[in-house]
Amino acid sequence: MKYYDKDDNEIIIPDSVLDNEVGHGVCATVYRYTEDLCFKRYDRGMNDIEYFLDTATFRTLRNISNPNLVNIEMLLYKDKNYKYTADAYLLSYYEEKYKSFLEIPTDYLLYNMEKIFKLACEMSKYRLRICDLKRENIILTANNIVLIDPDRWWYDYIANNSNEVEQLLVNNIMGDFGDIIQKDLKENYIDFLVDNNLFPYVVSSKLFPLTSNKDRAMKVLSKRLNGYKRPIDYVYSMKK
């Protein structure tokens with residue numbers, strides 16, 4: 001497979017890479033490229049550029065240094081005369097340690113939430129907003145909650161200023177993380193919820209209430225999880 005980088009250098013991705021699929025989404029597939037890198041390419045027949053990572057967003061992301069943000073090494077283009085959006089890209093490989101948000105250590109969650117809110121602050125300076133933040137687009141490594149798949153992130157020029165963008169980002173993060181917890185509860189702990197007359201939305205909103213205030217978000221999360229090793233232990237404390 002032949003691509004071009006930003007400087008028109010020819011980049012050949014061996015076909016053998018396609019034997020090492022590590023993930024698949026609605027519009028793209030990710031393959032293990034090397035020990036440290038993955039290769040992501042958009043599926044054939046996908047023509048809606050809304051789902052493609054554009055070069056401007058990539059440049060913005062490269063200006064932000066945060067361990068919770070996916071590291072994209074290089075954009076790849078099929079046509080060296082058209083570089084508005086990428087056709088594929090190389091990104092760092094991340095090893096996932098935890099499968100469930102509810103079973104990660106409390107200290108790990110609190111530490112990472114603080115860093116993610118710092119990421120939101122950095123993103124707001126560029127008016128960059130998060131989109132499509134779901135469990136499939138998050139990797140829980142040994143140390144970090146890494147947000148991947150920024151392909152549909154977008155620039156907010158309607159908000160009055162960067163402070164407002166930051167508040168909107170915090171609200172998005174709290175809502176999306178709450179949805180992730182709610183889905184996890186429904187899929188893996190439904191018997192416990194039913195036996196104890198608990199509703200997934202009510203439980204998830206206790207941990208991740210909708211708020212645009214990052215200090216309040218951290219205060220609520222810290223208070224709820226105080227004395228519990230994992231979020232799921234807090235949930236179990238609601239047993240009748």
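User: What kind of model is it, and which residues count for local features?
Analyst: The model is predicted: local features need pLDDT of at least 70, side-chain atom pairs count only at pLDDT 80 or more, and totals for chains, interfaces and linings use all residues. Residues are numbered from 1 along each chain as its sequence is written, and side-chain values use heavy atoms, leaving out hydrogens and water.

User: Is β5 mostly covered or exposed?
Analyst: Mostly covered: six of the six residues in strand β5 (residues 37–42) are buried. Buried means under 20% relative accessible area with a 1.4 Å probe, protein chains only. Strands are DSSP runs of E with at least two residues, helices are runs of H or I with at least four, and both are numbered from the N terminus.

User: Which residues sit on each side of β5?
Analyst: L37, F39 and R41 are on one side, and C38, K40 and Y42 are on the other. In a regular strand, side chains alternate between the two faces of the sheet.

User: Which strands does β5 join?
Analyst: β5 runs antiparallel to β4 (residues 28–32), with five bridges, and A28 stands opposite Y42. Pairing takes at least two DSSP bridges. Five bridges also join β5 to β7 (residues 88–92), again antiparallel, and there K40 stands opposite Y89.

User: How many residues lie between β4 and β5?
Analyst: Four, and the two strands form a hairpin.

User: New topic. Which residues of α5 are buried?
Analyst: In helix α5 (residues 200–207) they are P200, V203, S204 and L207. Seen down the axis, they fall within an arc of 95°, so they line one face of the helix. The arc is taken from the directions from the helix axis to the C-beta atoms.

User: What do they pack against?
Analyst: They pack against α3 (162–188), α4 (190–195), α6 (214–225) and α7 (231–236), with contact meaning heavy atoms within 4.5 Å.

Key:
Buried < 20%, exposed > 50% of the residue type's maximum accessible area, 1.4 Å probe, protein only.
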